[in-house]
Amino acid sequence: MRLGKDLLNKPIYSIDEGKLLGKVQDLYLDSTFEVVLGLYVGSQGLVRRKSELIRAGDVVVLGDDAILARAGDVITDDNALPAAKSWMRREKLIGREADTPGGTRLGVIGDVIVDTAGRISGFALSRVYVEGPLADKRVISRSVITDTGQEDGRMTVDLAKLEASLMSIEAVPLAVETVEDIPVAKVEMSDLPVDSSETPAQG
């Protein structure tokens, strides 16, 4: 497991020429926050701005020091790939609050936690409003989210499932009090799921 912020500012090289393609500026997530769809590498244009990106399927290795892409021509943009306009940037998710169905505030999302297949397994909290296991572990599993907050900007959490999931977590070094203090998780990740443009990879 690693945090989304672990990938930021990593250089991206093509494996065919060893060419530096740029650096990761952010991650693109699907609308249900289940998978990483691509890497945002910056914007171009003064009048008609376009966001440049690399699709997850074109990424070969996400290493500790660098990211390898399959070729030097994998960078595209959201004009050439219209589906990307509906993808959500990770930075837009940070700061979203998580509540119970009854409206009790649980915490604030600080980052995504990504597994070795490029799936989002959970969220690290930057702030917690309640006491107990959640305050100690500061993690919410993706599996306990019933509403991602796309409509009102607030995630809804199944409290019973959350409590059960927290009991199975022995230690979560990813969870911290502030986003800036989140430590780097030194775990190799490879082979992000292949993106089919409109439909997130499942599994």
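1. Arg138 lies in the loop that joins helix H2 (133-137) to strand S14 (139-141). In this predicted model, Arg138 has a positive phi of about 55 degrees, although it is not a glycine. Most residues other than glycine have a negative phi. Arg138 counts as buried because its relative accessible area is 17%, and the cut-off for buried is under 20%.

2. Asn9 belongs to the loop between strand S1 (2-3) and strand S2 (11-14). Is Asn9 buried or exposed? Its relative accessibility is 53%, so Asn9 counts as exposed.

3. Arg90 is placed in helix H1 (residues 90-93). With a relative accessibility of 6%, Arg90 is classed as buried. Leaving aside residues up to four places away in sequence, Arg90 touches Gly4, Lys5, Leu8, Asp26, Leu27, Leu29, Asp111 and Val112.

4. The largest nonpolar core comprises 36 residues, and Leu93, Phe123 and Ile140 have the most contacts inside it. At least two residues of this core come from each of several elements, among them strand S5 (36-44), strand S12 (105-114), strand S13 (120-128) and helix H3 (159-167). A separate core of nine residues is also present, including Tyr28, Val35, Tyr40 and Trp87. In soluble globular proteins, nonpolar side chains tend to be buried together.

5. Which residues does Ile140 touch, not counting those up to four places away in sequence? They are Ala98, Gly122, Phe123, Leu125, Leu134, Ile145, Val157 and Leu162.

6. Leu68 sits in strand S8 (residues 67-69). Leu68 is described as partly exposed because its relative accessible area is 30%. Strand S8 also supplies at least two residues of the 36-residue core.

7. For the protein as a whole, the model contains three helices and 17 strands. Of its 203 residues, 50% count as buried. Among contacts with a separation of 6 or more, 54% are between residues 24 or more positions apart. The protein exposes about 9,900 Å², of which carbon and sulfur atoms supply 48%.

Methods: Residues numbered from 1 in each chain as written. Predicted model: local features only at pLDDT ≥ 70, side-chain atom pairs only at ≥ 80, totals over all residues. Heavy atoms only, no water. Helix = DSSP H or I, 4+ residues; strand = E, 2+ residues; numbered from the N terminus. Buried < 20%, exposed > 50% of the residue type's maximum accessible area, 1.4 Å probe, protein only. Contact = heavy atoms within 4.5 Å. Areas by Shrake-Rupley, 256 points an atom, 1.4 Å probe, with all protein chains shown as cover. Core = buried A, V, L, I, M, F, W, Y, C linked by side-chain atoms within 4.5 Å.
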